[in-house]
Amino acid sequence: MSKLIFEKSIPNRKGYSLPELTDSEKECNLHIPSKYFATEPPELPEVSELDVVRHFTNLSLENVSLDANFYPLGSCTMKYNPKACERIAAMDGFASLHPLLPQLRGGGMLTQGALEVLHETENLLCEIVGMDAFTLQPMAGAHGELTGIMLIAAYHCDKGNKKTKVLIPDSAHGTNPSSATIGGYKVVTVPSDANGCMDMNAFEESLDESVAAIMLTSPNTLGLFNPDIHTLADKAHAVDALLYYDGANLNAILGKIRPGDLGFDVVHLNLHKTFATPHGGGGPGSGPVGVKESLIPYMPTSIIVKRQDGTFALEYKREKSIGYIAPFYGNFGILLRAYVYILLLGKEGLSRVSENAVINANYIMAKLRDKYDLPYNRSCMHESVFSATRQAKNGVTALDVAKALIDRGFHPPTIYFPLIVKEAMMIEPTETESKEEIDSFIQAMLEIAELAETDSESFHALPKTKSITRLDEKKAVKDKIFSV
Amino acid sequence: MSTPDNLKYTKDHEWVRIDGEIAIIGITDHAQNELGDITYVELPAVGKKVEANGELAVIESVKAASDILAPIAGTVSEVNNALDDEPEEVNDSPYENGWICKLTDIDASEVDGLMSAADYEAFIK
């Protein structure tokens, strides 16, 4: 493992030179009370510029990342982030804007461009998913879910509905039950049927007047589309239960069908997945929430409004609003990248995104289904869930397959999720990978399947090519060290 | 995979053994094998009342966190505190040292509705 940059520190080595203080800067210092001056220099590594460049370049090479590797992490939609979006987000007029500016007297006129971007992004997202209004504020998918649940709760409270439960399928992302629970609801888990979709009989048994919402991912986490979605929506609406759309898998239906047309009332999107903004390693994410008209009064503040003269302003007074859910206006730089991405691709381009994402996933499924078990064996959407059960009988688990892929230059798929599939391996290639890249991944998976039959022992020490090899996952979870 | 004959089993992979007025509860060998290395067991509070199929404890492995449900109704009378330091006992000894908790105030006839060892073995096949 490489040294920390602090361990490379040599006393008095420097990678910078500071200019002399000007007279006015010296003058300035006289006005700062002495108690605010540091008495000790900060503990920083003393290194040259070249030391720093080499240190971080070498560290970055340790990373298995989208810039260097195929990254089929199911449910995460690790697609390529176009450089054009980065260039525009770096433009000084956007990057240097102070978030308080629109709230200052006269500041609104200095931020019209940024407000217009936000307003237009809201409109575009409304059109793409068939909703009537959007808030761009939530900072991540789970934050969007919480916002969505708070909106649903505000809707039911305002109508005087006595609602206590939220129905969630057993294939759901773990954040769904978490969000519903934090929103004050009791979670009822609905099992999946043999086709991998929500069991309609079980759903109807659980559905009554006390159900506030049904949270669904569509296509679901098995990469399967629910053919009963319209019936499900009608039955939910008959008891005034709202339909919540977890947008994690929007990449499968982008430009083809709209959650709003399927009967969903509240939608959260993951811009960092479907709309190609930076993802992983902290993002930052962005989880806008869209609603149908009946929920608009509860949307969080601030709200961007277009005045009659065509200028944009922020509105804070909304009587029934759930209030602030984030400081300022969401992760603006991320929203801007998503806006540019949508404009770059256009309506036709967005449709081709989902077409290629689905074709790529089905291609992998078709090529691997003979060598790996496929518990739900039907054509998939943008991802497919295999099981390493056959390999596990020889002692090679999904975790071992994942580690073997790292040594072959691929980021592993999502493993052990969804929970209803044993030894799950959830593969999502996304639309941005070429056939050649996908073929080499398939080849690696086939080699691994063969090796699992002949030399299962060799798997347990993998990966071997990285400076950090097999981690002790048990120790990592059990013996947590929170301080240094 | 072992499935002792003197225990009763649930579809959620818990086992229960009736010892006089007390029911002892744990998870099966099959369950621990599926979960993988167990890293934490969130034990219930002594005195907690549970219904049959009510949430009793939470078990975490390197793969997932899962609920342990009560095979029968009762009141928690004792928990296996040794699992705080050595949760791996659930892996190593699911039917002995890896027991989770004991219930009192039970109706022993409730176990009649649960699976026998042979039924459970057929169930997990």
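Me: Which residues is Ile152(A) in contact with, leaving aside its neighbours within four places in sequence?

Reply: They are Ala212(A), Ala213(A), Leu242(A), Tyr244(A) and Val266(A). Contact means that the C-beta atoms of two residues, placed from the backbone, lie within 7 Å. This is a predicted model, where local features need pLDDT of at least 70, side-chain atom pairs count only at pLDDT 80 or more, and totals for chains, interfaces and linings use all residues. Residues are numbered from 1 along each chain as its sequence is written, with chains lettered from A and ligands numbered from 1 in the order in which they are written.

Me: What makes a set of residues a nonpolar core?

Reply: Its members are buried Ala, Val, Leu, Ile, Met, Phe, Trp, Tyr and Cys residues joined through C-beta atoms within 7 Å. Buried means that 20 or more other C-beta atoms lie within 10 Å of a residue's own, these atoms being placed from the backbone. The largest such core has 118 residues, and Ile152(A), Ile214(A), Tyr244(A) and Val266(A) have the most contacts inside it. Helix α13 (residues 332-368) of chain A gives the largest share, 16 residues. A second, separate core of 30 residues includes Val16(B), Ile38(B), Ala57(B) and Ile100(B).

Me: Why are β6(B) and β7(B) called paired?

Reply: Strands pair if DSSP finds at least two bridges between them. Strand β6 (residues 55-61) and strand β7 (residues 65-69) of chain B have 5 bridges, in the antiparallel sense, so they count as paired. A hairpin joins β6(B) to β7(B) through 3 residues, and Val58(B) stands opposite Asp67(B) in β7(B).

Definitions and conventions:
Helices (H or I, at least four residues) and strands (E, at least two) are DSSP runs, numbered from the N terminus. A residue is buried if 20 or more other C-beta atoms lie within 10 Å of its own, exposed if 12 or fewer, and partly exposed in between; C-beta atoms are placed from the backbone.
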